[in-house]
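Subject: A structure for you to look at

Dear colleague,

I am passing on a structure that I have been going through, and I would be glad if you read the notes with the structure open beside them. Please take your time over each residue as it comes up.

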Amino acid sequence: MDGGGGDPYARFAPRRARVVSLVLAVGVMVMCVALAFFVTGVVQWWDRAGFLVVGALIAWFLYRQATVRADPTREGLTVRNLFDVRTVPWGDVLEVRYGGGRPWASLELEDGDTLGVMAVQRADGATAEAEASRLAALAAAHGRRAP
């Protein structure tokens, strides 16, 4: 089912986006702290607090990007994207789509919805293609069965 001898139920997680997001989050926080404490002139306490709040919000967003993932089990797939977490039983997955210019894999669901799986990102190149194949194999192995 996994084609590579590894664990087919291993977590899906992006590689490049994780590194880039975490480096940017640290950089943004360092910059905002420096602005808050070292900018001189007519800067009030609320300006300094604003620098810190904006930096924290940007860092939080980047942290969320760095921690997107999809956790497969025998029952289904739990997808953690930027702003939501959703668990989908394998029987609800009609198709796994990847390619055609999509930035990440997506699941076509029984209810007509499409769920992006940001954990499998095109930016990861050949690794992402292998992960998309593993995801499709899991969906096919656990998906709907003919009566």
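Predicted model: local features only at pLDDT ≥ 70, side-chain atom pairs only at ≥ 80, totals over all residues.

The chain contains three helices and six strands, and when they are read from the N terminus their order is α-α-β-β-β-β-β-β-α. The radius of gyration is 20 Å, whereas the globule rule gives 15 Å for 147 residues, and the chain is therefore more spread out than a compact globule. If you draw a box along the principal axes, the C-alpha atoms fill roughly 75 × 30 × 25 Å.

As for burial, 37% of the 147 residues in the chain are buried. The accessible surface is about 8400 Å², and 63% of that area belongs to carbon and sulfur atoms. When we take the contacts between residues at least 6 apart in sequence, 49% of them join residues that are at least 24 apart. On the side of charge, there are 16 positive and 15 negative side chains, and the centres of these two sets lie 5 Å apart.

Which residues is leucine 77 in contact with, once its neighbours within four places in sequence are left aside? They are Phe12, Ala70, Asp71, Pro72, Arg86, Thr87, Val88, Trp90, Leu107 and Leu135.

Alanine 119, which is found in strand S6, has a relative accessible area of 4%, and because buried means under 20%, this alanine counts as buried. Not counting residues up to four places away in sequence, alanine 119 touches Phe12, Ala13, Pro14, Val68, Arg69 and Ala70. The C-alpha atom of alanine 119 is also separated by 7.4 Å from that of tryptophan 104, although the two are 15 residues apart along the chain.

Arginine 11 lies in the segment before H1 and is partly exposed, with a relative accessible area of 49%. Setting aside neighbours within four places in sequence, arginine 11 is in contact with Arg69, Ala70, Asp71, Pro72, Glu131 and Arg134. With arginine 69 in particular, the separation is 58 residues in sequence and 6.9 Å in space, taken from C-alpha to C-alpha.

Two valines remain, and is valine 43 buried or exposed? Valine 43 lies in the loop between helix H1 (16-38) and helix H2 (45-66), and its relative accessible area of 18% makes it buried. Leaving out residues up to four places away in sequence, valine 43 touches Arg48 and Phe51. Valine 30, by contrast, is found in helix H1 and counts as exposed, because its relative accessibility is 54% and exposed means over 50%. The C-alpha atoms of valine 30 and glycine 55 are separated by 8.6 Å, and the two residues are 25 apart along the chain.

Conventions
Residues numbered from 1 in each chain as written. Heavy atoms only, no water. Helix = DSSP H or I, 4+ residues; strand = E, 2+ residues; numbered from the N terminus. Rg over C-alpha atoms; globule rule 2.2 N^0.38 Å. Buried < 20%, exposed > 50% of the residue type's maximum accessible area, 1.4 Å probe, protein only. Contact = heavy atoms within 4.5 Å. Areas by Shrake-Rupley, 256 points an atom, 1.4 Å probe, with all protein chains shown as cover. Lys, Arg positive; Asp, Glu negative; His and termini not counted. Charge placed at Lys NZ, Arg CZ, Asp CG, Glu CD.
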